[in-house]
Structures are given as structure tokens and as C-alpha cells.
Amino acid sequence: FGLGGGGGAMHWYLLHDRAGTLVYAENTTPRATLTMGMEVEGHNLVSSRGAMDLEDAVPPGHGQLLLVLTQLVPESLFSSSFRFRFNYDGRAGITRHSPPVPPRDGFHSPVPVRR
């Protein structure tokens, strides 16, 4: 199943199935930076970022795959719960990623959104 939220200039998506979970955010504003934080609690999960508490600044006109969760033991059940925080900053050019996203990571780096 999938969940989505936001409206206007911000969209976020949480896609979940038996294989795991993806969390993606899009900032369609022309000037403001979207900061999205999340706290994840779960059982039998591995985080693609190596952490379950995240905060990322998504630049104007960009989208970012924030997190991929997969099962640690495929034969076992898993559970997850999420707590999200959103904030807009009128300044463009803010870069903040916790845990850090390596430059040119490609997988978790913000990418331009084409409209």
C-alpha cells in the first residue's frame, strides 16, 4: 500500500509492501528549502541510511529518496511506525542531511524534479 501527503508545494510518499518500505519527498517550490525529519521504530528492519532517525533538507525543485527499509531476516515478520516533521525555510541552498548523504551518492542524493 502507499500513503502520501502534503499539498501545494510539498509531496511525500511512503510505499510499503512485503519486501519493505520506501520514503520519498518532493519539494516543488521555486525558492524554499523543505526540511523533512522522521523517526522510525521497527522490528526486523535494515535502513539504507544506517539509521532510523533522519533529517534531510530537500532543495527547491528537487525530490529525494529519503529511506529504504528492508527485512533483516526475510522469513520473519517485520513491523514499523513513523513520526514525521516538516519545515520550510525561505532560504535556498541549505544542505543538511543526517545521517550524511555522500556526495554523488546517486541513491539518496536530491535530484531535480521534472514537470
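R85 counts as partly exposed, at 37% relative accessibility. The classes rest on a 1.4 Å probe and protein chains only: buried is under 20% relative accessible area, exposed over 50%, partly exposed in between. Areas come from the Shrake-Rupley method, and for residues only the protein chains shown count as cover. This is a predicted model: local features need pLDDT of at least 70, side-chain atom pairs count only at pLDDT 80 or more, and totals for chains, interfaces and linings use all residues. Residues are numbered from 1 along each chain as its sequence is written, and side-chain values use heavy atoms, with hydrogens and water left out.

R85 forms a salt bridge with E39, with the closest N and O atoms 3.3 Å apart. The pair links distant parts of the chain: E39 lies in strand β4 and R85 in strand β8, 46 residues apart. Strands (E, at least two residues) and helices (H or I, at least four) are DSSP runs, numbered from the N terminus.

## Salt bridges

The whole structure holds 6 salt bridges. The criterion is a side-chain nitrogen of Lys or Arg within 4 Å of a carboxyl oxygen of Asp or Glu. E39 also forms a salt bridge with R83, where the closest N and O atoms are 3.2 Å apart. R83 lies in strand β8 and E39 in strand β4, so this pair ties together parts that are 44 residues apart in sequence. R83 is partly exposed, with a relative accessible area of 47%. E39 is partly exposed too, at 30%.

R49 and D56 meet in a salt bridge through their side chains (3.0 Å, N to O). Both residues, R49 and D56, are buried. Salt bridges with shared partners join E39, E41, E55, R83, R85 and R96 into one network.

## The open sheet

Four strands form an open sheet: 4 strands in the order β8-β4-β6-β9, with antiparallel pairing. Strands β8 (79–89) and β9 (97–98) stand at the edges; each has a single partner strand, so one side of each is left without a neighbour in the sheet. Two strands pair if DSSP finds at least two bridges between them.

Strand β6 (residues 53–58) pairs with β9 in the antiparallel sense over 2 bridges. D56 stands opposite H97 in β9.

## Aromatic pairs

The structure has 5 aromatic pairs. Rings of Phe, Tyr and Trp (its six-membered ring) pair if their centres lie within 6.5 Å; planes under 30 degrees apart count as stacked, over 60 as edge-to-face and the rest as tilted. The rings of W12 and F84 have centres 4.8 Å apart and planes at 35°, so this pair is tilted. W12 lies in strand β2 and F84 in strand β8, so the contact ties together parts that are 72 residues apart in sequence.

W12 is buried, at 13% relative accessible area. F84 is partly exposed, at 23%. Ring pairs link W12, F82, F84 and F86 into a cluster.

## Surface and loop

Y13, L15 and L22 make a nonpolar surface patch of about 250 Å². Patch residues have over 30% relative accessible area and no salt bridge; like charges are joined within 9 Å, nonpolar side chains (Val, Leu, Ile, Met, Phe, Trp, Tyr) within 5 Å. Y13 is found in strand β2 (residues 10–17). Y13 is partly exposed, with a relative accessible area of 35%.

R31 is found in the loop between β3 (20–27) and β4 (33–43). R31 is exposed, at 63% relative accessible area. Not counting residues up to four places away in sequence, R31 touches P60, G90, R91 and A92. Contact means heavy atoms within 4.5 Å. R31 and S76 are 45 residues apart in sequence and 45 Å apart in space, C-alpha to C-alpha.

Note on methods. Accessible areas come from the Shrake-Rupley method with a 1.4 Å probe; for residues, only the protein chains shown count as cover.
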